[in-house]
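Me: I have a structure to go through with you. Please set out the ground rules, then take my questions in turn.

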Amino acid sequence: MASTIGLDNTTLCANQNQPIVFKQTPLPYSYNALEPYVDAMTMEIHYSKHASAYTKNLNDAATVELAGKSVGIEDVLKNISIYSAKLRNNGGGHYNHELFWKCMRPNASPLHQGNLKDAIQSTFNSFEIFKNKLSEAAMGRFGSGWAWLYIDEKKTLQIGSTPNQDNPLMDISPIKGTPLLGLDIWEHAYYLKYQNRRAEYVNNWFNLVDWKFVEDRFLAVK
Ligand code: MN
């Protein structure tokens, strides 16, 4: 199934003559655009070193394991149990970061009235409770990983967390669904500015969420 939810560049097909090449989408804003909540140096290192390495290593693994296949990244992740740890870690790392950059924007506005806001209120009772639950998921993850707002197979909004570069698309994940909003809680996402203060990073990060993008994903999946 083709990705219709803003990650088009990650859904590439291969044939016998053309090797799969996954590419990083250009960052849709400058490195300093998310100041003061996320600093420019963190963004530059995160995008150009960490995320770049996941994409490169995904391509290395794909050359071996996806040769001759016609498959998109989401389909790879949904069947990740049949592939190597290298493909799992770097395929997840590539997808999660491509999503993460798009989940943020400078001067993000609060969630406006509409379908997603209605769904958040009916599922979690209020936006504040939703925010607290996502923060708790982020704070409760020991070590590196991600916190997610995702939609499950019953089309219900859910909050959860995964370790390392796993995500709810993966068949090996205990939480399953389509991620709508991802929060990177690896130390590389915040340590330069926040050091051990993950809670402060998480709280500030909500000032950056591009709710329009998240709602578009919600509507596309629903
Ligand atoms: Mn990261």
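Reply: Ala, Val, Leu, Ile, Met, Phe, Trp, Tyr, Cys and Pro count as nonpolar, Asp, Glu, Lys and Arg as charged, and the others, Gly among them, as polar. The model is predicted: local features need pLDDT of at least 70, side-chain atom pairs count only at pLDDT 80 or more, and totals for chains, interfaces and linings use all residues. Residues are numbered from 1 along each chain as its sequence is written, and side-chain values use heavy atoms, with hydrogens and water left out.

Me: By class, what lines the second largest pocket?
Reply: A pocket is an open set of points on a 1 Å grid over the protein atoms alone, where a 1.4 Å probe fits, with protein on both sides within 12 Å along at least five of seven lines; lining residues have an atom within 4 Å of a point. This pocket has 17 lining residues, with Ala108, Ser109, Phe206, Asn207 and Leu208 nearest its centre. By class they are twelve nonpolar, three polar and two charged.

Me: What volume does the second largest pocket have?
Reply: Grid points are joined across faces, edges and corners, and the volume is the space filled by probe spheres set on them. For this pocket, that gives about 260 Å³.

Me: Which residues coordinate the manganese ion?
Reply: Donors are N, O and S atoms within 2.8 Å of the metal (3.2 Å for Na, K and Ca); water is not among the atoms, so sites may look incomplete. In sequence the donor residues follow H-x50-H-x86-D-x3-H. At 2.0 to 2.1 Å, the ligands are His46 (NE2), His97 (NE2), Asp184 (OD) and His188 (NE2).

Me: Is Asp184 buried or exposed?
Reply: Buried means under 20% relative accessible area, exposed over 50%, and partly exposed in between (1.4 Å probe, protein chains only). Asp184 has 0% relative accessibility, so it counts as buried.

Me: Which residue is the bridge partner of Trp146 in β3?
Reply: Strands (E, at least two residues) and helices (H or I, at least four) are DSSP runs numbered from the N terminus. Two strands pair if DSSP finds at least two bridges between them. Strand β1 (residues 145–151) meets β3 in the antiparallel sense over six bridges, and Trp148 stands opposite Gly182. The partner of Trp146 is Asp184.

Me: In β2, which residue is the bridge partner of Ala147?
Reply: β1 also runs antiparallel to β2 (residues 157–163), joined by seven bridges. Their hairpin has five residues between the strands, and Lys155 there takes a positive phi near 65°. The partner of Ala147 is Ser161.

Me: How many residues of β1 are buried?
Reply: In a regular strand the side chains alternate between the two faces of the sheet. On one side of β1, Gly145, Ala147, Leu149 and Ile151 are buried, and on the other Trp146, Trp148 and Tyr150 are too. β1 is therefore largely enclosed, and its buried count is seven of seven.

Me: How far apart are the end C-alpha atoms of helix α3?
Reply: The expected span is 1.5 Å times one less than the number of residues. α3 (residues 85–102) has 18 residues, so it should span 26 Å; the distance found agrees, at 26 Å.

Me: Is Leu99 buried or exposed?
Reply: Leu99 sits in helix α3. In α3, 13 of the 18 residues are buried, so the helix is largely enclosed by the rest of the structure. With 0% relative accessibility, Leu99 is buried.

Me: Where does Lys69 lie?
Reply: At 34% relative accessibility, Lys69 counts as partly exposed. Its C-alpha atom is 8.6 Å from that of Ile20, 49 residues away along the chain. Its place is the loop between α1 (40–65) and α2 (73–78).
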